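Please look at the sequence and the structure below. The paragraphs after them go from one residue to the wider chain.

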Amino acid sequence: MNDSPPSAPDPRLSAGATRLALRYDGTFAPEAIHRLLADSYRLLAEGATIRTHLIVLAECLTGERLEALARAEGRPTSAVPRVLFVRSGNAARSQLAAAILTHLTEGRVHVTSAGTDRPTTWTCASPKFWQRSVSSCRKMSSRNR
């Protein structure tokens with residue numbers, strides 16, 4: 001059995017693997033982190049039509065996966081509360097909810113959004129919708145201070 005990490009699909013992943021290995025030192029073996037990062041990259045690359053930020057996204061996804069695995073195994077790496085907003089497509093509502101909660105808690109809560117289905121098309125709401133949303137967020141924020 002070969003325990004060496006697989007060759008990176010992109011050589012720039014090595015820097016991300018090193019950063020993650022430092023963050024999770026003592027929690028996960030560097031080889032396991034490298035394999036998970038390569039897998040995250042592969043998963044993202046499979047359906048990607050734009051590949052510009054795959055390296056950064058793979059590192060972020062791997063960090064999320066490692067954090068979830070650590071929590072599932074009873075060894076969380078942070079005491080910060082976590083909130084996950086889930087919608088079927090994750091195209092707007094859950095992302096907006098995550099952004100609002102992140103803003104309102106000023107980083108005291110780690111917020112993530114996710115979708116259960118891969119969207120076939122992406123739709124953008126009108127600029128007026130986003131202006132109203134930001135305006136509402138500001139009003140809520142000023143009331144909670």
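Arg 75 is partly exposed, because its relative accessibility is 34%. In this text buried means under 20% relative accessible area, exposed means over 50%, and partly exposed lies in between, with a 1.4 Å probe and protein chains only. The model is predicted, so local features need pLDDT of at least 70 and side-chain atom pairs count only at pLDDT 80 or more, while totals for chains, interfaces and linings use all residues. Residues are numbered from 1 along each chain as its sequence is written, and side-chain values use heavy atoms, with hydrogens and water left out.

Arg 75 takes part in a salt bridge with Glu 73, and the closest N and O atoms are 2.3 Å apart. A salt bridge here is a side-chain nitrogen of Lys or Arg within 4 Å of a carboxyl oxygen of Asp or Glu. Side chains of opposite charge can pair when their charged atoms come close. Glu 73 is partly exposed, with a relative accessible area of 42%. Other salt bridges share partners, and these join Asp 39, Arg 42, Glu 46 and Arg 65 into one network. Arg 75 has another neighbour: its charged end sits over the ring of Phe 28, 5.0 Å from the ring's centre. A charge counts as sitting over a ring if NZ of Lys or CZ of Arg is within 6 Å of the ring centre and within 35 degrees of the ring normal.

How many salt bridges does the structure hold? The number is eight. One of them joins the side chains of Glu 59 and Arg 19, at 2.7 Å from N to O. Glu 59 lies in helix 3 and Arg 19 in helix 1, so this pair ties together parts that are 40 residues apart in sequence. Helices (H or I, at least four residues) and strands (E, at least two) are DSSP runs, numbered from the N terminus. Glu 59 is buried, with a relative accessible area of 14%, whereas Arg 19 is partly exposed at 47%.

A further salt bridge connects Arg 82 with Glu 64, whose closest N and O atoms are 3.1 Å apart. This pair links distant parts of the chain, since Arg 82 is in strand 1 (residues 82–87) and Glu 64 is in helix 3, 18 residues apart. Arg 82 is partly exposed, with a relative accessible area of 32%, and Glu 64 is partly exposed at 29% relative accessibility.

Now turn to helix 2. Is Ile 33, at 0% relative accessibility, buried or exposed? Ile 33 counts as buried because of that value. This residue lies in helix 2 (residues 30–46). Leaving aside residues up to four places away in sequence, Ile 33 touches Ala 17, Leu 20, Ala 21, Tyr 24, Phe 28, Thr 62 and Leu 66. Contact means heavy atoms within 4.5 Å. Ile 33 and Ala 21 are twelve residues apart in sequence, and their C-alpha atoms are 6.6 Å apart in space.

Helix 2 has 17 residues and reaches 24 Å from its first C-alpha to its last, close to the 24 Å expected at 1.5 Å a residue. The expected span is 1.5 Å times one less than the number of residues. The buried residues of helix 2 include Ile 33, Leu 37, Tyr 41 and Ala 45. An α-helix has 3.6 residues a turn, so residues three or four places apart point the same way. The cover over the buried residues of helix 2 includes helix 1 (13–23) and helix 3 (54–72).

Helix 4 (residues 93–105) has 13 residues and spans 18 Å between its first and last C-alpha, close to the 18 Å expected. Ser 94, Leu 96, Ala 98, Ile 100 and Thr 105 are buried in helix 4. Glu 106 follows helix 4 and is found in the loop between helix 4 and strand 2 (110–115). Its phi is near 50 degrees, a positive value in a residue other than glycine. Most residues other than glycine have a negative phi. Glu 106 counts as exposed, because its relative accessibility is 54%.

Finally, consider the whole chain. Its secondary structure comes to five helices and two strands, in the order α-α-α-β-α-β-α along the sequence. Of the 145 residues in the chain, 26% are buried. Among contacts with a separation of 6 or more, 64% are between residues 24 or more positions apart.
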